[in-house]
Amino acid sequence: MRGLRPDGGVFPAPSTIFRLLGAFALIAAFVLAGAGPARAGENTFIEVTPSSVQAGGRVQLRASCDNDNNRQAEVQSDAFNRVTLRPDNGFLTGSATVPGDKQPGDYPVNLRCQNGNTATTTLTVLNMAQPSKGPATGGGGTAVGRGTGSLLLIGGVVVVAAAVALGMAGGRRRTGSGS
(Lines give C-alpha, C1' and ligand atoms only; values in the text may rest on other atoms or scores of the structure.)
Protein backbone atom coordinates (compact mmCIF):
# COMPACT_ATOMS: atom_id res chain seq x y z
CA MET A 1 0.00 0.00 0.00
CA ARG A 2 1.33 3.39 -0.93
CA GLY A 3 0.82 6.62 0.91
CA LEU A 4 1.26 10.26 0.04
CA ARG A 5 4.12 12.27 1.39
CA PRO A 6 3.55 15.84 2.63
CA ASP A 7 5.31 17.20 -0.46
CA GLY A 8 2.90 15.34 -2.74
CA GLY A 9 5.22 12.41 -3.53
CA VAL A 10 4.40 8.78 -3.02
CA PHE A 11 5.91 6.58 -0.28
CA PRO A 12 7.29 3.32 -1.66
CA ALA A 13 5.39 0.17 -0.84
CA PRO A 14 6.48 -1.52 2.41
CA SER A 15 7.56 -4.63 0.52
CA THR A 16 10.15 -2.60 -1.44
CA ILE A 17 11.58 -1.18 1.79
CA PHE A 18 11.80 -4.65 3.32
CA ARG A 19 13.55 -5.99 0.21
CA LEU A 20 16.14 -3.21 0.32
CA LEU A 21 16.73 -3.69 4.05
CA GLY A 22 17.06 -7.46 3.52
CA ALA A 23 19.59 -6.95 0.72
CA PHE A 24 21.66 -4.58 2.88
CA ALA A 25 21.54 -7.02 5.79
CA LEU A 26 22.67 -9.89 3.54
CA ILE A 27 25.57 -7.85 2.15
CA ALA A 28 26.60 -6.78 5.66
CA ALA A 29 26.53 -10.41 6.83
CA PHE A 30 28.87 -11.49 4.00
CA VAL A 31 31.26 -8.62 4.68
CA LEU A 32 31.39 -9.27 8.42
CA ALA A 33 31.74 -13.04 8.01
CA GLY A 34 34.71 -12.57 5.66
CA ALA A 35 36.63 -10.32 8.04
CA GLY A 36 38.11 -12.58 10.68
CA PRO A 37 40.14 -11.41 13.63
CA ALA A 38 43.85 -10.89 13.05
CA ARG A 39 45.92 -13.54 14.77
CA ALA A 40 49.47 -13.06 15.93
CA GLY A 41 52.01 -14.69 13.64
CA GLU A 42 49.72 -15.23 10.66
CA ASN A 43 52.23 -13.41 8.42
CA THR A 44 55.29 -15.29 9.60
CA PHE A 45 56.83 -17.39 6.85
CA ILE A 46 60.08 -18.51 5.22
CA GLU A 47 60.56 -19.13 1.47
CA VAL A 48 63.53 -20.81 -0.21
CA THR A 49 64.08 -20.24 -3.94
CA PRO A 50 64.64 -22.62 -5.61
CA SER A 51 63.10 -25.21 -3.32
CA SER A 52 65.27 -27.94 -4.91
CA VAL A 53 68.94 -27.24 -5.51
CA GLN A 54 71.98 -29.16 -6.68
CA ALA A 55 74.63 -29.68 -4.00
CA GLY A 56 76.99 -26.71 -4.32
CA GLY A 57 74.19 -24.41 -5.49
CA ARG A 58 72.98 -21.12 -4.04
CA VAL A 59 69.48 -20.41 -2.70
CA GLN A 60 67.67 -17.14 -1.96
CA LEU A 61 65.81 -16.77 1.33
CA ARG A 62 62.80 -14.50 1.85
CA ALA A 63 60.90 -14.28 5.11
CA SER A 64 58.45 -12.28 7.15
CA CYS A 65 58.24 -11.99 10.93
CA ASP A 66 54.66 -10.67 10.99
CA ASN A 67 54.97 -6.96 11.86
CA ASP A 68 58.64 -7.17 12.87
CA ASN A 69 60.39 -7.01 9.48
CA ASN A 70 62.54 -4.04 10.42
CA ARG A 71 64.83 -6.21 12.57
CA GLN A 72 67.13 -9.07 11.60
CA ALA A 73 66.08 -12.70 11.91
CA GLU A 74 67.99 -15.96 11.83
CA VAL A 75 67.55 -19.00 9.58
CA GLN A 76 69.12 -22.34 10.42
CA SER A 77 69.30 -25.54 8.36
CA ASP A 78 71.50 -28.61 8.18
CA ALA A 79 71.63 -27.95 4.43
CA PHE A 80 73.64 -24.70 4.79
CA ASN A 81 74.12 -24.00 8.53
CA ARG A 82 73.08 -20.53 9.86
CA VAL A 83 72.20 -17.34 7.93
CA THR A 84 71.16 -13.88 9.16
CA LEU A 85 68.33 -12.27 7.20
CA ARG A 86 68.22 -8.49 6.90
CA PRO A 87 65.33 -6.08 6.22
CA ASP A 88 64.74 -5.44 2.52
CA ASN A 89 61.63 -3.70 1.09
CA GLY A 90 59.25 -4.94 3.77
CA PHE A 91 60.68 -8.48 3.93
CA LEU A 92 63.73 -10.17 5.37
CA THR A 93 66.14 -11.51 2.74
CA GLY A 94 69.41 -13.35 2.45
CA SER A 95 71.13 -16.13 0.57
CA ALA A 96 72.98 -19.32 1.36
CA THR A 97 75.21 -21.78 -0.49
CA VAL A 98 74.70 -25.52 -0.04
CA PRO A 99 78.10 -27.25 0.27
CA GLY A 100 79.09 -29.31 -2.78
CA ASP A 101 79.50 -32.46 -0.69
CA LYS A 102 76.05 -32.22 0.98
CA GLN A 103 74.18 -35.52 0.86
CA PRO A 104 70.95 -35.50 -1.16
CA GLY A 105 67.72 -35.29 0.81
CA ASP A 106 65.09 -33.03 2.34
CA TYR A 107 66.34 -30.56 4.93
CA PRO A 108 64.14 -28.40 7.20
CA VAL A 109 64.80 -24.65 7.04
CA ASN A 110 63.84 -22.94 10.32
CA LEU A 111 63.16 -19.22 10.76
CA ARG A 112 63.49 -17.68 14.23
CA CYS A 113 62.31 -14.09 14.60
CA GLN A 114 63.34 -11.68 17.34
CA ASN A 115 59.68 -11.34 18.37
CA GLY A 116 59.57 -15.09 19.11
CA ASN A 117 57.68 -16.16 15.96
CA THR A 118 58.95 -19.16 14.03
CA ALA A 119 58.31 -20.76 10.65
CA THR A 120 59.62 -23.80 8.79
CA THR A 121 59.89 -24.96 5.20
CA THR A 122 61.84 -27.69 3.39
CA LEU A 123 64.81 -27.51 1.03
CA THR A 124 65.53 -30.51 -1.21
CA VAL A 125 69.21 -31.06 -2.00
CA LEU A 126 70.01 -32.97 -5.17
CA ASN A 127 73.30 -34.64 -5.96
CA MET A 128 73.23 -35.60 -9.61
CA ALA A 129 76.34 -36.35 -11.65
CA GLN A 130 77.19 -33.52 -14.01
CA PRO A 131 77.79 -34.50 -17.66
CA SER A 132 81.38 -33.97 -18.79
CA LYS A 133 80.47 -33.01 -22.38
CA GLY A 134 77.45 -32.42 -24.57
CA PRO A 135 75.34 -35.24 -25.97
CA ALA A 136 76.22 -37.00 -29.22
CA THR A 137 73.54 -35.64 -31.55
CA GLY A 138 74.74 -36.44 -35.05
CA GLY A 139 77.49 -36.11 -37.61
CA GLY A 140 77.98 -32.38 -37.18
CA GLY A 141 77.89 -31.54 -40.88
CA THR A 142 77.25 -27.87 -40.14
CA ALA A 143 79.59 -27.66 -37.18
CA VAL A 144 82.78 -25.66 -37.44
CA GLY A 145 85.77 -27.98 -37.40
CA ARG A 146 89.37 -28.07 -38.56
CA GLY A 147 89.73 -26.33 -41.93
CA THR A 148 86.09 -25.29 -42.14
CA GLY A 149 86.85 -21.63 -41.47
CA SER A 150 89.34 -21.34 -44.34
CA LEU A 151 86.94 -23.13 -46.71
CA LEU A 152 84.23 -20.64 -45.84
CA LEU A 153 86.64 -17.74 -46.36
CA ILE A 154 87.77 -18.98 -49.78
CA GLY A 155 84.15 -19.63 -50.85
CA GLY A 156 83.18 -16.11 -49.79
CA VAL A 157 86.05 -14.55 -51.75
CA VAL A 158 85.07 -16.53 -54.88
CA VAL A 159 81.42 -15.39 -54.61
CA VAL A 160 82.43 -11.74 -54.19
CA ALA A 161 84.88 -11.95 -57.13
CA ALA A 162 82.20 -13.49 -59.36
CA ALA A 163 79.73 -10.76 -58.42
CA VAL A 164 82.29 -8.03 -59.23
CA ALA A 165 83.15 -9.64 -62.58
CA LEU A 166 79.49 -9.94 -63.57
CA GLY A 167 78.86 -6.36 -62.53
CA MET A 168 81.74 -5.09 -64.62
CA ALA A 169 80.74 -7.18 -67.65
CA GLY A 170 77.16 -5.93 -67.52
CA GLY A 171 78.24 -2.33 -67.14
CA ARG A 172 80.36 -2.14 -70.33
CA ARG A 173 78.97 -0.53 -73.40
CA ARG A 174 78.78 -2.63 -76.40
CA THR A 175 80.27 -1.06 -79.44
CA GLY A 176 79.28 -2.25 -82.79
CA SER A 177 78.29 -1.18 -86.28
CA GLY A 178 74.95 0.35 -86.77
CA SER A 179 73.44 3.63 -86.14
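**Charged pairs and the core**

Mentor: Start with Glu-74 and Arg-112: their side chains meet in a salt bridge, 2.9 Å from N to O. Keep in mind that this is a predicted model.

Trainee: Where do Glu-74 and Arg-112 lie?
Mentor: Glu-74 is in strand 4 and Arg-112 in strand 7, so the pair ties together parts 38 residues apart in sequence.

Trainee: Is Arg-112 buried or exposed?
Mentor: Arg-112 counts as exposed, at 51% relative accessibility.

Trainee: Which residues do salt bridges that share partners join into one network?
Mentor: Glu-74, Arg-82 and Arg-112. The Arg-82 to Glu-74 bridge has an N to O distance of 2.6 Å.

Trainee: How many salt bridges does a search of the whole structure find?
Mentor: It finds 4. One of them joins Arg-62 and Glu-47, with the closest N and O atoms 3.0 Å apart. Arg-62 lies in strand 3 and Glu-47 in strand 1, so that pair links parts 15 residues apart in sequence. Arg-62 is partly exposed at 31% relative accessible area, and Glu-47 is partly exposed at 32%.

Trainee: New topic. How many residues are in the largest nonpolar core?
Mentor: It has 24 residues. Those with the most contacts inside it are Ile-46, Leu-61, Phe-80, Leu-85, Leu-111 and Leu-123.

Trainee: Which strand gives the largest share of this core?
Mentor: Strand 3, with 4 residues.

Trainee: And what does Leu-85 touch?
Mentor: Leaving out residues up to four places away in sequence, its contacts include Ile-46, Leu-61, Val-75, Leu-92 and Leu-111.

Conventions. Residues numbered from 1 in each chain as written. Predicted model: local features only at pLDDT ≥ 70, side-chain atom pairs only at ≥ 80, totals over all residues. Heavy atoms only, no water. Core = buried A, V, L, I, M, F, W, Y, C linked by side-chain atoms within 4.5 Å. Buried < 20%, exposed > 50% of the residue type's maximum accessible area, 1.4 Å probe, protein only. Helix = DSSP H or I, 4+ residues; strand = E, 2+ residues; numbered from the N terminus. Contact = heavy atoms within 4.5 Å.
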